[in-house]
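We will go from one selection to the next.

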Amino acid sequence: MGSVEAANKDANGSLTEKNPTVVFVLGGPGSGKGTQCANIVDNFQYTHLSAGDLLRAEIKSGSENGTMIQNMIKEGKIVPSEVTIKLLQKAMKESGNDKFLIDGFPRNEENRAAFEKVTGIEPAFVLFFDCPEEEMERRLLSRNQGREDDNIETIRKRFKVFLESSLPVINYYDAKGKVRKINAARSVEEVFETVKGIFGPKNEKVNHYVRLMSRLYMYKFHFVSKTKFGNHCLPC
């Protein structure tokens, strides 16, 4: 057990030392998240990680972990947050990048709390694609990809799950000033113009400056605490 915990600590350490930029990408089914993530990757050198894709790839791999995930899904059970987070950590580490779009995760408050606890990483912000249900429904029914879940009943269930599970996550980060809400009912080109304004050089510099000042502040706080209180530092 100790060796597993040590391995997790090593993985977390290697990630947090890079001071990665993580952006959660949320939006209802058919809001255009995947298309815009591809545009962001092409233009701003982020690595796009889809929690759903990682789980499906693990199942296809035939690994013991993949079999467990497949069985849980067949039984209608929710895959534990820790399983999904470990797959995300592995993909982040193997990418060699330090900028990530995490698409479709966290799906609920439990996912959110577990991600921050396990990785020690808080997202730079949440990119929320806000789109009316009628428009998302129209897109899903017209995309003709042959997916089993592209029928009206299943689509409406997915809308309901998103509203009940993911909106609390959006509200949590919105209270912290970390939500970038985008009107996703427009054309792909119009939406990306707004996206570019969020990921452009000016905002990248601002985000970098904020992270740098935050680290300097915490360093100063530790130094003052040690000077004033000896080795009994105040908790940060």
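Start by selecting Arg 56, Lys 77, Ile 78, Val 79, Gly 104, Phe 105, Pro 106, Arg 107, Arg 147 and Arg 158: an unreviewed UniProt entry annotates them as "binding site". UniProt positions follow the numbering used here, feature names are shortened, and such annotations may be inferred rather than shown by experiment. You are looking at a predicted model, in which local features need pLDDT of at least 70 and side-chain atom pairs count only at pLDDT 80 or more, while totals for chains, interfaces and linings use all residues. Residues are numbered from 1 along each chain as its sequence is written, and side-chain values use heavy atoms, with hydrogens and water left out.

Next, pick Lys 77. Lys 77 sits in the loop between α4 (64-74) and α5 (81-95); helices here are DSSP runs (H or I, at least four residues) and strands likewise (E, at least two), numbered from the N terminus.

Now move to Pro 106, in the loop between β3 (99-103) and α6 (109-119). Pro 106 has 0% relative accessibility, so this residue counts as buried. Which residues does Pro 106 contact, leaving aside its neighbours within four places in sequence? Show Phe 24, Leu 26, Asn 111, Arg 112, Ser 166 and Val 169, where contact means heavy atoms within 4.5 Å.

From that list, take Asn 111, in helix α6. The unreviewed UniProt entry has a "binding site" annotation for Asn 111 too. Asn 111 is buried, because its relative accessible area is 8%. Beyond its neighbours within four places in sequence, Asn 111 touches Ser 81, Ile 85, Phe 105 and Pro 106.

Phe 162, Leu 163, Glu 164 and Ser 165 in α8 meet Leu 167, Pro 168, Val 169 and Ile 170 in α9. By class, this contact has six nonpolar, one polar and one charged residues.

Finally, zoom out to the whole protein. Its cartoon has eleven helices and five strands, and 37% of the 236 residues count as buried. Among contacts with a separation of 6 or more, 73% come from residues 24 or more positions apart.

Technical notes. Buried means under 20% relative accessible area, exposed over 50%, partly exposed in between (1.4 Å probe, protein chains only). Ala, Val, Leu, Ile, Met, Phe, Trp, Tyr, Cys and Pro count as nonpolar, Asp, Glu, Lys and Arg as charged, and the others, Gly among them, as polar.
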